[in-house]
Amino acid sequence: QEQIDTVRQGYLPSAERGSILFFSMSGLGKINQMYQYSLASFLGVFEHSLRTSKPDKALAHRLRFINHKLTRNVYKYTCTGLFQKHTLMYSFHLTVMILEAAGEMDAQELEFLLKGQV
C-alpha cells in the first residue's frame, strides 16, 4: 500500500496539469454557450494521452512526456470545437494558466499586458 501511495504521489504534477487543462476547457462556456466540454470527454483525452505518451523508466522524463502529450492532445481536441477567432484567445488563456500554476507568471506584467496601464 505504501509503495502505491508513493508512486501515486509521484504523478501529482500530471494530475495538476490535467486539472489546469480541464478548467481551461470548462471556462470556455463563458465566451460562447456552445463551448461545453464534459468531464467524460476530457477523461477520454486524458486516458488516451497516458496510453500514447512515450514510456520512460525515469519518473521525471515520464512526467514530461505525459504533460507534453496531454497538453497537446487537449489543446487540439479543444480547438477542434472552437471558432477560428477564439483559438488564439484560448492559446493565450491556457498559457497563462500553465504559467500561473508553475509560479512563472508575474501578475503585474500580466496586468500591464492586458490593460496597458502602469
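This report walks through a predicted model of one protein chain, from its overall layout to single residues.

## Overall layout

The chain is helical. It holds six helices and zero strands. Along the sequence, the pattern reads α-α-α-α-α-α. Its C-alpha atoms fill a box of roughly 50 × 35 × 25 Å along the principal axes.

The chain has 118 residues, and 31% of them count as buried. Its accessible surface comes to about 8400 Å². Carbon and sulfur atoms account for 58% of that surface. Among contacts with a separation of 6 or more, 59% join residues 24 or more positions apart.

## Helix 2 against helix 4

Helix 2 covers residues 12-26, and helix 4 covers residues 59-80. The two pack with their axes 10 Å apart, at an angle of about 10°. Angles under 35 degrees count as roughly parallel, so helix 2 is roughly parallel to helix 4.

Both sides of this contact can be listed. Helix 2 contributes Pro 13, Ser 14, Arg 17, Gly 18, Leu 21 and Met 25. Helix 4 contributes Leu 63, Ile 66, Asn 67, Leu 70, Thr 71, Val 74, Tyr 77 and Thr 78.

Leu 43 sits in helix 3, residues 39-52. Leu 43 counts as partly exposed because its relative accessibility is 38%.

Phe 23 also belongs to helix 2. Its relative accessible area is 49%, so Phe 23 is partly exposed. Phe 23 and Lys 57 are 34 residues apart along the chain. Their C-alpha atoms are separated by 30 Å.

Helix 1 spans residues 2-10 and includes Val 7. Val 7 counts as partly exposed because its relative accessibility is 48%. Together with Tyr 11 and Leu 59, Val 7 makes a nonpolar surface patch of about 240 Å².

Arg 8 has a relative accessible area of 49%, so it is partly exposed. Asp 5 is partly exposed too, at 31%.

The whole structure holds two salt bridges.

Lys 115 and Glu 111 both lie in helix 6, residues 107-115. They are four residues apart, about one turn of the helix. Exposure separates the two partners. Lys 115 is exposed, with a relative accessible area of 56%. Glu 111 is partly exposed, at 44%. The cut-off for exposed is over 50%.

Ser 53 lies in the loop between helix 3 and helix 4. Its relative accessible area is 6%, so Ser 53 is buried. Leaving aside neighbours within four places in sequence, Ser 53 is in contact with Arg 62, Phe 65, Ile 66 and Lys 69. Ser 53 and Gly 103 are 50 residues apart in sequence. In space, their C-alpha atoms are 25 Å apart.

Thr 87 sits in helix 5, residues 84-101. Thr 87 is buried because its relative accessible area, 14%, falls under 20%. It touches Tyr 75, Cys 79 and Leu 82, not counting residues up to four places away in sequence.

Conventions. Residues numbered from 1 in each chain as written. Predicted model: local features only at pLDDT ≥ 70, side-chain atom pairs only at ≥ 80, totals over all residues. Heavy atoms only, no water. Patch = residues over 30% accessible without salt bridge, like charges linked within 9 Å, V, L, I, M, F, W, Y side chains within 5 Å. Areas by Shrake-Rupley, 256 points an atom, 1.4 Å probe, with all protein chains shown as cover. Salt bridge = Lys/Arg side-chain N within 4 Å of Asp/Glu carboxyl O. Buried < 20%, exposed > 50% of the residue type's maximum accessible area, 1.4 Å probe, protein only. Axes fitted to C-alpha atoms, helices over the stretch in contact; angles between N-to-C directions. Parallel < 35°, antiparallel > 145°, perpendicular 65-115°, else oblique. Contact = heavy atoms within 4.5 Å.
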